[in-house]
Amino acid sequence: MSSPKETIDRRGLMLVLSSPSGAGKTTIARRVLAEDPEITASISHTTRPRRPSEVDGKDYHFVDKQTFTQMRDQKAFLEWALVFDNFYGTTRAPVAESLKRGRDVLFDVDWQGAESLRTQAGQDVVSVFVLPPTAGALEERLKARAQDSDNVVARRMAGASNEIRAWDKYDYVLINFDVDKSVEAVHAVLAAERLKRSRLTGLQGFVEGLLTEL
Ligand code: 5GP
């Protein structure tokens, strides 16, 4: 009898996280990425100015409008959107490669990006929406970040209702009462979604092998 292989080959999934700015999504995403070796971040391109704490190539690829437009025209983006006057886009190539190798990819995109990814990648997408517990908590977090001007904070608060209205398109919705619990919830979603039969490309072979040995 052959010794069993302890993992079954699977196709990677696309974990799409959205929320209004300031709901804590970036903190949750960073924690999940740090704690789970099977998932990596999709690093978007943006024309937004870099914040002091951000690193080019790690948080985003910061590019000018001309570069972004050229890339868009060359169909380099799987999806792109205009958010608060800046362009944001997800490049196509790294995603396909990761999914094929059974690696999951995390996307921190707005509701428009989530919608495009759902349309284009359907079954590969698992979408999670993060809501703040109160409107006050949202504003506090935006102000505490202190990396954006008052004007930017005000615009992001105004944009929050647009983003929140997309909540019912998502597979899972978390209310971020407590970051630790939210991170745990995302781990639970990942654990269950990774077990989906449709992602387990190695299952057919495994079962056939099992049957021949009976
Ligand atoms: P921020 O400027 O705070 O980093 O991001 C603003 C918004 O743009 C957030 O809701 C974030 O999820 C979204 N965003 C970041 N990268 C992308 C992207 O590649 N595509 C889309 N559609 N939205 C993005």
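Start by selecting Arg156, which sits in helix 6, residues 150-164. Helices here are DSSP runs of H or I with at least four residues, strands are E runs of at least two, and both are numbered from the N terminus. Before going further, bear in mind that this is a predicted model, where local features need pLDDT of at least 70, side-chain atom pairs count only at pLDDT 80 or more, and totals for chains, interfaces and linings use all residues. Residues are numbered from 1 along each chain as its sequence is written, and side-chain values use heavy atoms, with hydrogens and water left out.

Stay on Arg156: is this residue buried or exposed? Arg156 counts as buried because its relative accessibility is 9%, the cut-off for buried being under 20% relative accessible area (1.4 Å probe, protein chains only).

Next, show the side chain of Ser21. The Arg156 side chain makes a polar contact with it at 2.8 Å; that term means a pair of N or O atoms within 3.5 Å, one able to donate a hydrogen and the other to accept it, and residues adjacent in sequence count only if both atoms are side-chain atoms.

Now bring up the rest of the neighbourhood. Leaving out residues up to four places away in sequence, Arg156 touches Ser21, Arg48, Arg51, Phe84, Tyr88, Leu142, Arg145 and Asp148, with contact meaning heavy atoms within 4.5 Å.

Finally, zoom out to the whole chain. You'll find eight helices and nine strands, and a C-alpha trace spanning about 70 × 40 × 30 Å along its principal axes. Of the 214 residues, 42% count as buried.

Terms used
Buried means under 20% relative accessible area, exposed over 50%, partly exposed in between (1.4 Å probe, protein chains only).
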